[in-house]
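Hello,

Here is the structure I promised to pass on to you. Have a look at it first, and my notes follow below.

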Amino acid sequence: MIDYIKGELTELTPALATVEAAGVGYALNISLTTYSSIQGKRDVKLYVYEAIREDAYVLYGFVSKKEREMFELLITVSGVGPNTARMMLSSMSVAELCEAISRGDERLIKGIKGIGKMTAQRIIVDLRDKIVTMGIAEEIPAGGTVATPVNSAVRDEAVAALTMLGFAPAPTHKAVTSILQGQPDLPVEQVVKQALKQIK
């Protein structure tokens, strides 16, 4: 079993990283979170998940153990495969996913491409206790998403308004939360106006 690969980053796209270690180039499927973290670096260390099937041997790479643990938990849920889990980790950070699951925010999770209502409900039911038991939820304060409390009524109203305008819930929630953390007293209409500039 491969735990991690440490070496020179020779190729990088938002979906794939090639790391050369001991003369071998390993192609690793990555999330946008990992892509952002390793972009511009020469030497990297990526934690690995091996997906071995009859027709393929696929490696997934993660910038942190927490991200890999979240990925491994997500793929235990019926209806969530490796590519869907990677899409979820590209749409939201580990901290944001933990927060959404612990709050039971079905609408936010459902807003991720490839996630339907039933799957969102299963993710919440199956993983709510596990993220705490495994310590993954400890990532929430470190990630900063709940370090600064925000006005939940204003946040929810702003997210609802933006969702009605056709924006996806996940990036909308992220933008609105960020705005309210910086300016907690903003009224809903101002939050919506600022968010429109960020998520276009």
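Is Asp55 buried or exposed? Asp55 counts as exposed, because its relative accessibility is 65% (buried means under 20% relative accessible area, exposed over 50%, partly exposed in between, with a 1.4 Å probe and protein chains only).

Before you read on: this is a predicted model, in which local features need pLDDT of at least 70 and side-chain atom pairs count only at pLDDT 80 or more, while totals for chains, interfaces and linings use all residues. Residues are numbered from 1 along each chain as its sequence is written, and side-chain values use heavy atoms, leaving out hydrogens and water.

Now to the salt bridges (a side-chain nitrogen of Lys or Arg within 4 Å of a carboxyl oxygen of Asp or Glu). The count comes to seven. Asp55 meets Arg53 in one of them, at 3.4 Å from N to O, and Arg53 is partly exposed at 46%.

Another salt bridge joins Glu99 and Arg103, with the closest N and O atoms 3.1 Å apart. Both residues lie in helix 4 (residues 94-103), four residues apart, about one turn of the helix; helices here are DSSP runs of H or I, at least four residues long, numbered from the N terminus. Glu99 is buried at 10%, whereas Arg103 is partly exposed at 33%.

Asp156 pairs with Arg155 in a salt bridge too, the closest N and O atoms being 3.2 Å apart. Here Arg155 is buried, at 8%, and Asp156 is partly exposed, at 36%. Finally, salt bridges link Glu8, Arg42 and Asp43 in a network.

Best wishes

Technical notes. Helix = DSSP H or I, 4+ residues; strand = E, 2+ residues; numbered from the N terminus.
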